[in-house]
Amino acid sequence: MTSLNVTVVDKAKDTEVAFDAKSDQPVLLSIRSVVGSPIPVGCKGGGCGVCKVRVLEGNFSAKRMSKAHISEQDLEENVVLACRIIPETDLKVEILAETPEEDKS
Ligand code: FES
(Lines give C-alpha, C1' and ligand atoms only; values in the text may rest on other atoms or scores of the structure.)
Protein backbone atom coordinates (compact mmCIF):
# COMPACT_ATOMS: atom_id res chain seq x y z
CA MET A 1 0.00 0.00 0.00
CA THR A 2 1.33 3.37 -1.03
CA SER A 3 0.24 6.75 0.20
CA LEU A 4 -0.80 9.01 -2.64
CA ASN A 5 -2.18 12.48 -3.03
CA VAL A 6 -5.60 13.34 -4.41
CA THR A 7 -6.42 16.95 -5.24
CA VAL A 8 -10.12 17.75 -5.45
CA VAL A 9 -11.11 20.73 -7.61
CA ASP A 10 -14.46 22.39 -6.91
CA LYS A 11 -15.03 24.94 -9.66
CA ALA A 12 -18.32 26.10 -8.14
CA LYS A 13 -16.51 27.17 -4.98
CA ASP A 14 -13.23 27.97 -6.75
CA THR A 15 -11.28 25.70 -4.38
CA GLU A 16 -8.62 23.00 -4.65
CA VAL A 17 -8.06 20.76 -1.65
CA ALA A 18 -5.41 18.02 -1.38
CA PHE A 19 -5.99 14.78 0.53
CA ASP A 20 -3.91 11.74 1.39
CA ALA A 21 -5.21 8.66 -0.38
CA LYS A 22 -4.32 4.99 -0.22
CA SER A 23 -3.39 2.93 -3.25
CA ASP A 24 -5.50 -0.01 -2.09
CA GLN A 25 -8.90 1.60 -1.63
CA PRO A 26 -11.34 3.78 -3.57
CA VAL A 27 -10.67 7.51 -3.60
CA LEU A 28 -13.93 8.33 -1.85
CA LEU A 29 -13.16 6.01 1.07
CA SER A 30 -9.75 7.59 1.51
CA ILE A 31 -11.06 11.12 1.76
CA ARG A 32 -14.47 10.64 3.37
CA SER A 33 -12.92 10.25 6.79
CA VAL A 34 -11.76 13.83 6.48
CA VAL A 35 -14.24 16.29 7.95
CA GLY A 36 -15.72 18.34 5.16
CA SER A 37 -14.96 15.98 2.29
CA PRO A 38 -15.80 18.05 -0.78
CA ILE A 39 -17.04 15.11 -2.85
CA PRO A 40 -20.65 14.22 -1.99
CA VAL A 41 -20.86 10.85 -0.23
CA GLY A 42 -23.83 8.56 -0.78
CA CYS A 43 -24.01 4.79 -1.02
CA LYS A 44 -20.22 4.30 -1.28
CA GLY A 45 -20.83 1.37 -3.61
CA GLY A 46 -21.55 2.74 -7.08
CA GLY A 47 -25.33 2.76 -6.71
CA CYS A 48 -26.35 6.40 -6.35
CA GLY A 49 -24.07 8.44 -8.62
CA VAL A 50 -23.61 11.42 -6.29
CA CYS A 51 -19.83 11.05 -6.18
CA LYS A 52 -19.34 11.64 -9.90
CA VAL A 53 -16.01 13.29 -10.76
CA ARG A 54 -13.84 13.95 -13.79
CA VAL A 55 -10.24 12.77 -13.51
CA LEU A 56 -8.06 15.63 -14.78
CA GLU A 57 -4.64 14.11 -14.07
CA GLY A 58 -3.23 10.76 -13.00
CA ASN A 59 -3.89 7.06 -13.44
CA PHE A 60 -6.41 4.84 -11.72
CA SER A 61 -8.07 1.47 -11.90
CA ALA A 62 -11.85 1.27 -11.86
CA LYS A 63 -14.27 -1.22 -10.42
CA ARG A 64 -17.46 -1.86 -12.34
CA MET A 65 -19.68 1.20 -12.69
CA SER A 66 -23.39 1.16 -13.56
CA LYS A 67 -24.31 2.55 -16.97
CA ALA A 68 -27.21 4.22 -15.17
CA HIS A 69 -24.64 6.67 -13.77
CA ILE A 70 -21.61 6.41 -16.07
CA SER A 71 -22.14 6.20 -19.84
CA GLU A 72 -19.62 5.15 -22.47
CA GLN A 73 -19.17 8.84 -23.30
CA ASP A 74 -18.51 9.58 -19.62
CA LEU A 75 -15.76 6.96 -19.59
CA GLU A 76 -14.20 8.45 -22.72
CA GLU A 77 -14.15 11.80 -20.94
CA ASN A 78 -12.63 10.31 -17.76
CA VAL A 79 -15.89 10.84 -15.85
CA VAL A 80 -16.15 8.21 -13.12
CA LEU A 81 -17.52 7.51 -9.65
CA ALA A 82 -15.08 8.42 -6.88
CA CYS A 83 -16.26 5.45 -4.82
CA ARG A 84 -15.30 3.05 -7.64
CA ILE A 85 -11.82 4.23 -8.63
CA ILE A 86 -8.57 3.28 -6.97
CA PRO A 87 -5.61 5.60 -7.50
CA GLU A 88 -2.43 4.23 -9.11
CA THR A 89 -0.68 7.61 -9.08
CA ASP A 90 -1.41 11.00 -7.55
CA LEU A 91 -4.74 12.20 -8.94
CA LYS A 92 -6.47 15.47 -9.66
CA VAL A 93 -10.25 15.23 -9.87
CA GLU A 94 -13.02 17.74 -10.48
CA ILE A 95 -16.37 17.50 -8.71
CA LEU A 96 -19.25 17.18 -11.18
CA ALA A 97 -22.22 16.39 -8.97
CA GLU A 98 -24.34 19.31 -7.94
CA THR A 99 -23.73 20.37 -4.37
CA PRO A 100 -26.17 22.18 -2.12
CA GLU A 101 -25.94 25.96 -2.05
CA GLU A 102 -25.25 25.93 1.67
CA ASP A 103 -23.07 23.46 3.52
CA LYS A 104 -24.82 21.35 6.12
CA SER A 105 -22.78 21.34 9.27
S1 FES B 1 -21.33 7.22 -3.32
FE2 FES B 1 -22.98 6.34 -4.44
S3 FES B 1 -22.14 6.02 -6.41
FE4 FES B 1 -20.46 6.74 -5.24
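**Close-up views of a predicted model**

**View 1. Strand 3 meets strand 7.** These two strands run antiparallel and are paired over four bridges. Here, strands are DSSP runs of E with at least two residues, helices are DSSP runs of H or I with at least four, and both are numbered from the N terminus. Two strands count as paired if DSSP finds at least two bridges between them. Look for Arg54, whose bridge partner in strand 7 is Glu94. Val55 has its own bridge partner in strand 7, Val93. As a general point, side chains in a regular strand alternate between the two faces of the sheet.

A word on reading these views: residues are numbered from 1 along each chain as its sequence is written. This is a predicted model, so local features need pLDDT of at least 70 and side-chain atom pairs count only at pLDDT 80 or more, while totals for chains, interfaces and linings use all residues.

**View 2. Strand 3 also meets strand 5.** This pair runs antiparallel too, joined by three bridges. Lys52 stands opposite Leu81 in strand 5.

View 3. Step back and you'll find an open sheet of five strands in the order 2-1-7-3-5, with mixed pairing. Strand 2 (15-22) and strand 5 sit at the edges with a single partner strand each, so one side of each has no neighbour in the sheet. On average, neighbouring strands of this sheet are turned by 35° against each other, direction ignored (axes are lines fitted to C-alpha atoms, for helices over the stretch in contact, and angles run from 0 to 180 degrees between N-to-C directions).

**View 4. The largest nonpolar core.** It has 21 residues, and those with the most contacts inside it are Val6, Val27, Ile39, Val53 and Ala82. Strand 1 (3-10), helix 1 (27-32), strand 3 (52-57), strand 5 (79-81) and strand 7 (91-95) each supply at least two of its residues. A nonpolar core is a set of buried Ala, Val, Leu, Ile, Met, Phe, Trp, Tyr and Cys residues joined through C-beta atoms within 7 Å. Now pick out Val27: leaving aside neighbours within four places in sequence, Val27 is in contact with Val6, Ala21, Ala82, Ile85, Pro87 and Leu91. Contact means that the C-beta atoms, placed from the backbone, lie within 7 Å.

**View 5. Leu96, in the segment after strand 7.** Leu96 is partly exposed, because 17 other C-beta atoms lie within 10 Å (buried means 20 or more, exposed 12 or fewer, partly exposed in between, with C-beta atoms placed from the backbone). Not counting residues up to four places away in sequence, Leu96 touches Lys52, Val53, Arg54 and Val79. Val50 is 46 residues from Leu96 along the chain, yet their C-alpha atoms are separated by 8.7 Å.

**View 6. Two loop residues with positive phi.** Asp14 is in the loop between strand 1 and strand 2, and its phi is near 55°. Asp14 is exposed, with 7 other C-beta atoms within 10 Å. Asn78 lies in the loop between helix 2 (72-76) and strand 5, with phi near 65°. Asn78 is partly exposed, with 16 other C-beta atoms within 10 Å.

**View 7. Confidence along the chain.** The chain averages a pLDDT of 89, and 89% of the residues score at least 70; pLDDT is the predictor's confidence in each residue, from 0 to 100. Over residues 99-105 pLDDT stays under 50, and there the model has two contacts beyond four places in sequence.
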